[in-house]
Structure formats: C-alpha cells, structure tokens
Amino acid sequence: MLIAGFPAGAWGTNCYLVAPAAGEECVIIDPGHQAAPGVEEALKKHRLKPVAVVLTHGHIDHVASVVPVCGAHDVPAWIHPEDRYMMSDPEKALGRSIGMPLMGELTVGEPDDVKELTDGAKLELAGMELTVAHAPGHTKGSVTFGMPEAADIPPILFSGDLLFAGSIGRTDLPGGDMDEMLGSLARVCLPLDDSTVVLSGHGPQTTIGRERATNPYLRQVAAGQGATEAPRRGM
C-alpha cells in the first residue's frame, strides 16, 4: 500500500494519494487550495495514474483544486449530494456574502464528471475498496473513507474534518451541528479498532486508540456525555 500525503495551501489541508503500490492506479483524496502542483509532483514521483478524486466534504479548503486535477486527468469527482453545491458556491458554504474576497482567484465549479456518495457504499477504485460513512456535523454532507486491514497495513480511516489528533472539526459554519458531530463520532469512530490509523483533513496522523484515550470529545462521547470545550480545527 502506498499513501502519499502533503498539506496544501493557506489552510494546510491534507491531500492524499492512495494506491496499491508505486507505478499503479491511485485515488486522490481532498485536493484543496493550491494542491494541484503537489498532486502532479506525487504522481510523477510514484509513477501513479489517478482514476478518481474523492472528497470528504465540500469546503473550499478541500475542493479548490478539484476542477484542475480532474480536468488534467479526465477523472470523476465523488462527493456527498448534501455538499455538492459547495463546489460551485463556496462563499455560501462559509456564510460569506457574495463578492467578498476569498483567497484571491480560485477556480470554482464542478468538474465534468461528478458522482454522488452514499452512506455505506463500497467504492472499488484503483484495485482498492473504500467504505463510505456519512458523518455530518462539520457539514451536512461530510463523509469518511475507511480501508480494511491488509497484510502489511492496519485499518485506515480518512476522517476529513470529523476527527483530528486531539480535536474535532468546527461546527459553527453553515451546515455545522454539534449534536450531529457527536453522533457521527459515536457511530463512525467509536466502533473502530484501536489500531485504526486516522489520516485527517488537518494535522498529523493518529490512531483511534490514542484518540479514545486522550481526545476530550471522543472521551466524552464514549462516556455518554456532551462535549467539553476544547480547541477545534478546520475551515
């Protein structure tokens, strides 16, 4: 298994390229602000051929490079239907007035081929299986992508802005909801094995076991209580 990740753009959003091995087909996860050069560098370095872009949610820091990346490689983008509008109207998603500057000139809009994600779907892409879990809270259409344990790797969760190392995504933007966030943490994260590697939308990787023991939000959910006030990240 090959996973090449890098933080991109003004928000330091993690973009991931996932493939069975170097020299094979790959999936690109969350090509955000200014991610296209890093994507091309990783593709060349590892001799990868992209077959799809998959998106954990629709915020501009996760989708800003979808159009150029999909266009350059003629691949579809997968997104949950409740977040699809954000690709064409990122200002509405952030609660900003139309016309306010948004990080200068950005290429917004949909790529030519958009496919919609559903809860529980199993995507067979690039010889790999990604399991989709609808995880609202940060946005209405947030999802995670899970990969099962294999011979050489533990199970993996691409958590987007649901779960970070030591924190969770913010819920104060349009479509955010703390009750939904807590429900998603309980439904999506708590049942996972402690060995599950969490690759999130921002910050370093962690594990479910580490977060179960130290993350104040996950600990509160596990205890059946409301969330404590601790720092949250993401756009």
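Is D113 buried, partly exposed or exposed? D113 is partly exposed, at a relative accessible area of 31%; here buried means under 20% relative accessible area, exposed over 50%, and partly exposed in between (1.4 Å probe, protein chains only).

Before going on, note that this is a predicted model, in which local features need pLDDT of at least 70 and side-chain atom pairs count only at pLDDT 80 or more, while totals for chains, interfaces and linings use all residues. Residues are numbered from 1 along each chain as its sequence is written, and side-chain values use heavy atoms, leaving out hydrogens and water.

D113 forms a salt bridge with K115, with the closest N and O atoms 3.8 Å apart; the term means a side-chain nitrogen of Lys or Arg within 4 Å of a carboxyl oxygen of Asp or Glu. K115 is partly exposed too, at 32%. The structure holds six salt bridges. In another, R84 meets E110 at 2.7 Å, N to O. This pair links distant parts of the chain, 26 residues apart. R84, E110 and E116 are linked in a network of salt bridges.

Now let's turn to the strands. Six of them form an open sheet of mixed pairing, in the order β7-β8-β9-β10-β13-β14. Strands are DSSP runs (E, at least two residues), numbered from the N terminus, and two strands pair if DSSP finds at least two bridges between them. At the edges lie β7 (122-125) and β14 (206-207), each pairing on one side only. Strands β8 (residues 128-134) and β9 (residues 143-147) run antiparallel, joined by four bridges. Here V132 stands opposite F145 in β9.
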